[in-house]
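Student: Could we go through this structure together, one topic at a time? I would like to know how each answer was worked out.

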Amino acid sequence: MPKQRADAEGHRRMMCPAEANRSQCSLKKYTLGRGIRLPLINPAPSPAGSPTACTQRTITLPPEAGTQLWQPLQYGTTEWQRVYFRLRNAIEGMNGFGKDALYEHLESGGTRRIRGISAQAMLLAFQLAHANKRKLATWAGSIALNGDQPHRRPTRRRKTKPLGTWTPKGYLTETTT
């Protein structure tokens, strides 16, 4: 838990969650019994001893500590939700595209009739590559290049007569004028 803001060099004082009344720790006996709603932390024994945060009340962390866990958007904010759900929808859309039963049908293992995890993984990779190629070809066909019109799929494939021109045989007689 942060105890104070980072200094000019980026070092930050942090405290143990048990010290901040956010949890209970078996290494700090005075934190036990604070309430049943607080989680109990039981650090695994180590030959090196207890972590430094468990033996002191606060520790100072350098600016590079935790950089691999840093993310540009704060988790749970409205901006994070806007970006995250847009990306999530794109991934789920691609999953649905790959599961199309007329093409790759990724959800069915019957399309990859071969034994072994590595062989299954290779065939799945080929199916995903085909889905990506199909998606890119669809996209490339929908954009206009060099001032041309984009390729459009025809809306109707066969010509039909309007329903008003059809009459069953023998029921209507031709009228003469």
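Student: How many disulfides are there?
Tutor: The count comes to zero disulfides, where a disulfide is a pair of cysteine sulfur atoms within 2.5 Å. Cys16, for instance, is in no disulfide, since the nearest cysteine sulfur, that of Cys25, is 5.5 Å away. Keep in mind that this is a predicted model, in which local features need pLDDT of at least 70 and side-chain atom pairs count only at pLDDT 80 or more, while totals for chains, interfaces and linings use all residues. Residues are numbered from 1 along each chain as its sequence is written, and side-chain values use heavy atoms, with hydrogens and water left out.

Student: Is Cys54 buried or exposed?
Tutor: Cys54 is buried, at 16% relative accessible area, and Cys16 is buried as well, at 7%. Here buried means under 20% relative accessible area, exposed means over 50%, and partly exposed is in between, with a 1.4 Å probe and protein chains only.

Student: New topic: how many salt bridges does the search find?
Tutor: Over the whole structure it finds four salt bridges, each being a side-chain nitrogen of Lys or Arg within 4 Å of a carboxyl oxygen of Asp or Glu.

Student: Which side chains does Glu19 meet?
Tutor: Glu19 forms a salt bridge with Lys28 at 3.3 Å, N to O, and another with Arg57 at 2.9 Å, N to O. Both Glu19 and Lys28 are buried.

Student: What about aromatic pairs, how many are there?
Tutor: The search of the whole structure gives four aromatic pairs, and rings of Phe, Tyr and Trp (its six-membered ring) pair if their centres lie within 6.5 Å, with planes under 30 degrees apart counted as stacked, over 60 as edge-to-face and the rest as tilted. Tyr84 and Phe85 have ring centres 5.2 Å apart and planes at 75°, so this pair is edge-to-face.

Student: Which residues form the aromatic cluster?
Tutor: Tyr75, Trp80, Tyr84 and Phe85 form one aromatic cluster. Within it, Tyr84 is partly exposed at 33% relative accessible area, and Phe85 is partly exposed too, at 42%.

Student: One last thing, which charges sit over Phe97?
Tutor: Arg134 lies over the face of Phe97, 4.0 Å from the ring centre, and the charged end of Lys135 sits over the ring of Phe97 at 4.5 Å from its centre. The rule asks for NZ of Lys or CZ of Arg within 6 Å of the ring centre and within 35 degrees of the ring normal.
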